[in-house]
Amino acid sequence: MGPKKGGQGNKAKVSKQPSQQNTTQDETNQDERLQAIVLSDSYQTRFQPLTLETPRCLLPLCNTALLEYTFEFLALAGVSEVIVVCCAHADQIQEYIAHSRWSNPSSPFTIETVLSPESVSVGDAMRDLDAKGLITSDFLLVSGDIVCNVPFDKVLAAHRERRAKDKNAIMTMVLREASPLHRTRARAESAIFVLDEQTNQCVHYEEIKTRKHMQQISLDPEIFNKHTDLAIRNDFIDCHIDICSPDVPALFTENFDYNHIRKDFVHGILTSDLLGKTIFAHIVTDNYAARVRSLQTYDAVSKDVISRWTYPITPDSNLLADQTFQYQRGHIYKEEDIVLARSCRINSCTVIGAGTAVDDGTVITGSVIGRRCKIGKNVSITGAYIWDDVTIEDDAIIESAIIANGAVIGASSRVAPGAIVSYNVKIDRNVVVDGNKRLTRYLGDGLKKVDKDAVGEHGDGYVYEDDSEAEEDDDYEEIVNSSGLVYNMASLNASDTSFSTASADQMHRKPRRRRVSTASSNTMASEDSDEDSFLREAQASVERAIAENHDLDIAALELGTLRMAKNAHFHDVRAATIAALIGRISHLVNSNTLKARAAVESVLNQWGPLFRRQVFDQADQIDFLLLVQRDCTRRMQGSSILLHAINCLYDQDILEEDAILTWWQDPQSKEDADMVKVGELVPRWLEWLTTAEEESDSE
C-alpha cells in the first residue's frame, strides 16, 4: 500500500452504532462488545528527560498527542469501552481526556481512567485490573503510543470464531510484516515467532539479540508432532496490539513472575505443559501499524505520517478540534495564522503549526514545527522536531534533534543530530550541543542546576544522565546506539529492556579477601564474575519481593539463602539491597508518584527492617552509609533521598548517632565531587541532631 495523495483538510469523524431494539439483541450486543485497555505508561525511560515532565502518551507526534492516534485507532476498530491505565503523570492524562472530544456524549466509546501508581510493568497493571474486576469481555490491549489504520473487523471476527471453538484460544497478536531493517521497526527489539502455517497459531516465541549472531533456536520436539508445517519468522513489526480474552489478566495474577507481555507472558504460556492455552497471530500486510517505542521509531513514524502511509490518519485529518492543517504539494502541511518571510524556504515533508513566524533566509526541510514558534533569520532546520513555543535565534543550525516546548536556541548555536533539548532549556549564543546529548532543566522540588559547559554562560539547563541506563549491562551501549534519534547501523541490537547491575558503587566496594595462591588470573576473574552474579541475583530478589509484596521474613530468607549459596560478603548483600530499595524510591520520585520524603518513608518503613539482618556494628553502619551515599549520586534528587533515608533509618534505630557522625567525618564520604554534592543537605540535619541531643541531655 502506497502513501495517499493529499485532499481536503476534513475532520476525521466516527459515528456510533445504532442501539438494539429488543432484549435478545441487547444481550447479543453485550456479549460482542469490545473493551480496550490502554497502557498509558511504557515502563521504560527511553524518552527521558522529556517524560520526567510529560507522559510519553502525551508527547506530540506531528503536533498531535500520541494518545490521540491511539484513540482514533480504537474508534475505527469499533471499541465500545476504553479503560486507560495511568501510572506516571496521571493528572495530566486525566486532564487531557477530560478536555478531549472523547469525553463528549457523541464519542463512539465510553472512557474511564484507572490509577495504578505502584505499577512498574505491564504485569503489574494487568494484576491491578484483575483485582478491580474491570475486564468483563474480550478486550483489545494496546499502549498509548501506537499509530494504526488496520481494519479490525476481520481480525476480531477471526479471534471470536476461534474462541467459540476453543475457549483456550486466549490471545491474538497483531503483527505487521516488514523487512528486518524497516525504519519503523525498533532497532532495539527483535524476536522470532514460530507459527503454524495453516492456522497462524504461535507455538514458540523467543527474543533475540542480533549482535550475538544467533544461528539456531531450540524447539520442543513435541511441537513437530502437533504441527506439520511451521514457519520461523523474524520479519514482523510487533506493535503489541493484542486481542485478549478475560482469562489473560487472571493468568497474570496467578503468575507473579509475568511482567512483560511477550518475553514473560507469551513465552510462559507457550512453554507451559499445564495451562493448555493457545495464542494466535494475525499478520498485517496491506495496512499500517507502528508503535513509538523509542526515539528512532518516533522519527520513523513521524516521517510515515507526513508521507501519508498512515492515511486517513494524517495531519490534514485535523484530529483535534482546533487544528486547521491544509495539505500542499510535496507533503507540506500548514496551519492557519502562520507568518512566513518572503525569502524563507519551506521544503518538502514539513509541518508548521499555527501562530509560528519564520524570518528571512531561513530554510526548513523535513521537519515538524509546533505552534507559536519564533524562528529568526538565516536559520537552518533539517530533520528536526520543534515543539510548541520554541524560540530559535538568528543563524542557528538544528539537525535531526528534538527541541521541546519553551526552549530557546541562541544565535549562531548548533544542535547536532540526535540531541534532545527538553522543556524550557535555554541555550546561549555560539554554543554547540553535541549529538545524542540530552539537556533538561528538570530537577524537582524547586531545585536548580546549570551546566555552563553544556548551555553557555547565560544558558539554563544541564546534561541529563538516566539512572537506569547508567545501571545497564554490556548491552547498554548497543541499546543507546540503536534506539536514539540518530542510530548507529553498526551497533544494531535486539534488546528492548533495561538490565541493572546491583549497584554503581561496585567500583567503590570492599574487595574480597583472597588467599595468596598460585591460581591463575582466570580464577580471580571467575571470582569477580561470581560476585557480580550474586549482586545481580540479590538485587533481582529484593525487587521481586517488592513487586510481589512478599513477607519481610521470606525476602530476608531468600537473601540469606542466596548469600550462603554464593559465599557472599554482607557488604555485597547490603549493596544489592540498597540498589533495589533506592531504585524503587527513585522510580516513585521520578514518576511524580510521590515526593522524595514520602517515597523514602513508603519504601523504607516497609523494607528498611531488612537492614537489621545485614548491619551488625558501627563499621557495618559506616559501610552502609557510604553505599547509600554512592548510590544516591546517580539519582535525580539524590541529596533529598539521602537525607530522608538517613533520617528514616535513624528513627528506626538501624543507624546510630555515633556511626552517622563517624561516617560524615570519614574521607570516603567526600572522596569526589559527586559524593560532596549529594551530601549537601546532611550538615543541617547533623546540626539538628546534635542540638536535639544536647537539649535532651540538659533535661
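## A covered helix: H18

Helix H18 is mostly covered, with 11 of its 14 residues buried. Buried here means under 20% relative accessible area, exposed means over 50%, and partly exposed is in between (1.4 Å probe, protein chains only). Helices (H or I, at least four residues) and strands (E, at least two) are DSSP runs, numbered from the N terminus. This is a predicted model, in which local features need pLDDT of at least 70 and side-chain atom pairs count only at pLDDT 80 or more, while totals for chains, interfaces and linings use all residues. Residues are numbered from 1 along each chain as its sequence is written, and side-chain values use heavy atoms, with hydrogens and water left out.

The buried residues of H18 include Gly 638, Ser 639, Ser 640, Ile 641, Leu 642 and Leu 643. Further along H18, Ala 645, Ile 646, Cys 648, Leu 649 and Tyr 650 are buried too. What about the length of H18 (residues 638–651)? At 1.5 Å a residue, its 14 residues should span 20 Å, and the end C-alpha atoms are 20 Å apart, so the two agree. The expected span is 1.5 Å times one less than the number of residues. After H18 comes Asp 653, whose phi is positive, near 65°.

## The whole chain

Zooming out, the chain has 21 helices and 35 strands. Of its 699 residues, 53% count as buried. Among contacts in the chain with a separation of 6 or more, 62% are between residues 24 or more positions apart; contact means heavy atoms within 4.5 Å.

## A ten-stranded open sheet

Now for the sheet: 10 strands form an open one in the order S5-S4-S1-S6-S12-S8-S13-S10-S9-S11, with mixed pairing. Its edge strands are S5 (110–115) and S11 (230–233), each of which pairs on one side only. From one strand to the next, the twist averages 30°. Two strands pair if DSSP finds at least two bridges between them. Axes are lines fitted to C-alpha atoms, for helices over the stretch in contact, and angles run from 0 to 180 degrees between N-to-C directions.

Two helices lie across parts of this sheet. Helix H3 (residues 90–98) lies across S4 (81–86) and S5, running at about 170° to S5. Helix H7 (residues 247–254) lies across S6, S8 and S12, and runs at about 100° to S8.

How many residues of strand S12 (residues 236–244) are buried? Nine of the nine, so S12 is largely enclosed by the rest of the structure. Phe 236, Asp 238, His 240, Asp 242 and Cys 244 point one way from S12, while Ile 237, Cys 239, Ile 241 and Ile 243 point the other way, and all are buried.

On one pairing, S6 (residues 139–143) runs antiparallel to S12 and is joined to it by three bridges, with Phe 139 partnered by Cys 244. On another, S8 (residues 169–177) also runs antiparallel to S12, joined by seven bridges, and here Thr 172 stands opposite Ile 243.

Strand S13 (residues 278–284) is mostly covered, with five of its seven residues buried.

S10 (residues 201–207) runs antiparallel to S13, joined by two bridges; Gln 201 has Phe 280 of S13 as its bridge partner. Next, S9 (residues 191–196) and S10 pair in the antiparallel sense over five bridges, where Leu 195 stands opposite Cys 202.

## Cysteines and a polar contact

Finally, Asp 299 lies in helix H9 (residues 295–306). Its relative accessible area is 15%, so Asp 299 is buried. The side chain of Asp 299 makes a polar contact with that of Lys 303, at 2.6 Å. A polar contact is a pair of N or O atoms within 3.5 Å; within protein, one must be able to donate a hydrogen and the other to accept it, and residues adjacent in sequence count only if both atoms are side-chain atoms.
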